[in-house]
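Let's take a walk through a model together, helix by helix and then out into a few loops.

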Number of protein chains: 2
Amino acid sequence: MPLESLIEDNRRAVAAEPAKARAVFSVQGSLVGLTEVDLRARGHAVTVDEPPTLGGEDLGANPVEHAMIALASCQAITYRFWAAKLGIELDGIEVSVEGDLDVRGFFGFDESVRPGFTSVRLEITPTGPEPAERYQELADAVDAHCPVLDLFTNPTPVQRRVAIAV
Amino acid sequence: MPLESLIEDNRRAVAAEPAKARAVFSVQGSLVGLTEVDLRARGHAVTVDEPPTLGGEDLGANPVEHAMIALASCQAITYRFWAAKLGIELDGIEVSVEGDLDVRGFFGFDESVRPGFTSVRLEITPTGPEPAERYQELADAVDAHCPVLDLFTNPTPVQRRVAIAV
């Protein structure tokens, strides 16, 4: 189905029954090695690990790299959807993400240092036949509607439950 | 190398030369299909896609699922490191993450709805021979030092650059 029709079908479905707008995603995982974690998202299996400098065997990208994979891919896909929505022709998208982390936060060597990224740089290269202003308009629409950019730049409420087996 | 030694080596290295605490991670990707994105993080290749209901061919977990993979794996690995740091015996960790998304935000059907997760539920099951209070102490230490939980719960500065080919 072309994305324009998919967007319009979703708009109609949600207008008729707003509860249909709510999607629930889930992931399950187990620590299976020193730092190896095996996870599942629906039918997809993913292995996350740390490089040897962080105690692992480098069997997969590490958790913060997966967060950047989420951001880069979400930007690319949101460009695709919003190009369709705005009627902007888009031939391709290249994305790169770089993130700075100060490991004193994770290790607890300095409690004034945050454990997460202190700064993230996102570079997007859209290609296509339209004038530059149209891709700038697209970029602004994407940044207002990209789920993972929202996750990075705004606080998200997380409820934690620790189930300790006794 | 046991994690206790790795943590202590890092502590000494960073105390001697604070610049060594700065780590830079990076990811590159390209949109290669309608919603398929091929990405690389160092030597690791990852395919991200959307399910058919969102226009894709389901060739991989989608971007928001990858964000949850990042959170679940980061929690598991941070439990491992902090158990070593606090001298708490840990036999295993199971993690599950569930996130609610209201698709009206992503599609721009309602500009008052945020595009990202409106709510996330994280359930952690640590197992091992220690009394329950020790795992509770561990859980609190983890939540103060987990890089991806910090990313979810606090704003992260993102600088965006759009390189439009002209």
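Predicted model: local features only at pLDDT ≥ 70, side-chain atom pairs only at ≥ 80, totals over all residues.

Is the crossing of α2(A) and α4(A) left-handed or right-handed? It's right-handed.

Start with α2(A) itself, which covers residues 63-86 of chain A. This helix has 24 residues and spans 34 Å from its first C-alpha to its last, close to the 34 Å you'd expect at 1.5 Å a residue. Of those 24 residues, 22 are buried, so α2(A) is largely enclosed by the rest of the structure. Have a look at how its two ends are handled. The N-terminal end is capped by Asn62(A), with a side-chain oxygen 3.2 Å from the backbone nitrogen of Val64(A). After the helix comes Gly87(A), with a positive phi near 70°.

Now for the partners of α2(A). Two packed helices are described by the angle between their axes and the distance between the axes. For α2(A) and α4(A), residues 132-145 of chain A, the angle is about 120° and the axes are 9 Å apart. That makes the pair oblique. On the α2(A) side, the contact involves Gln75(A), Thr78(A), Tyr79(A), Trp82(A), Ala83(A) and Leu86(A). Facing them from α4(A) are several residues, among them Arg134(A), Leu138(A), Val142(A) and His145(A). If you like to see the pattern behind such a list, an α-helix has 3.6 residues a turn, so residues three or four places apart point the same way.

The other partner is α1(A), residues 3-16 of chain A. Its axis and that of α2(A) come within 9 Å and cross at roughly 85°. That makes α1(A) roughly perpendicular to α2(A). Here Leu3(A), Glu4(A), Leu6(A) and Ile7(A) of α1(A) meet Arg80(A), Phe81(A), Ala84(A) and Lys85(A) of α2(A).

Go back to α4(A) for a moment. It has 14 residues and reaches 20 Å end to end between C-alphas, close to the 20 Å expected at 1.5 Å a residue. Its buried residues are Tyr135(A), Leu138(A), Ala139(A), Ala141(A), Val142(A) and His145(A). What do these buried residues pack against? Within chain A, they pack against α2, β5 (117-127) and α5 (147-153). From chain B, α3 (103-107) and β6 (158-162) join in.

Another spot where chain A meets chain B is Asp102(A), which touches Val113(A), Arg114(A) and Ala21(B), leaving aside residues up to four places away in sequence. Asp102(A) sits in strand β4, residues 92-102 of chain A. With a relative accessibility of 14%, Asp102(A) counts as buried. Its side chain makes a polar contact of 2.6 Å with the side chain of Arg104(A).

Most residues other than glycine have a negative phi. Arg42(B) isn't a glycine, yet its phi is positive, near 50°. You'll find Arg42(B) in the loop between β2 (37-41) and β3 (44-48) of chain B, and at 42% relative accessibility it counts as partly exposed. Asp58(B) is another non-glycine with a positive phi, about 60°. This residue lies in the loop between β3 and α2 (63-86) of chain B, and is partly exposed with a relative accessible area of 27%.

How values were computed: Residues numbered from 1 in each chain as written. Chains lettered and ligands numbered in written order. Heavy atoms only, no water. Helix = DSSP H or I, 4+ residues; strand = E, 2+ residues; numbered from the N terminus. Expected span 1.5 Å × (residues − 1). Buried < 20%, exposed > 50% of the residue type's maximum accessible area, 1.4 Å probe, protein only. Polar contact = N/O pair within 3.5 Å; in protein donor to acceptor, adjacent residues only side chain to side chain. Axes fitted to C-alpha atoms, helices over the stretch in contact; angles between N-to-C directions. Parallel < 35°, antiparallel > 145°, perpendicular 65-115°, else oblique. Left-handed = near helix turned anticlockwise from the far one by under 90°. Contact = heavy atoms within 4.5 Å.
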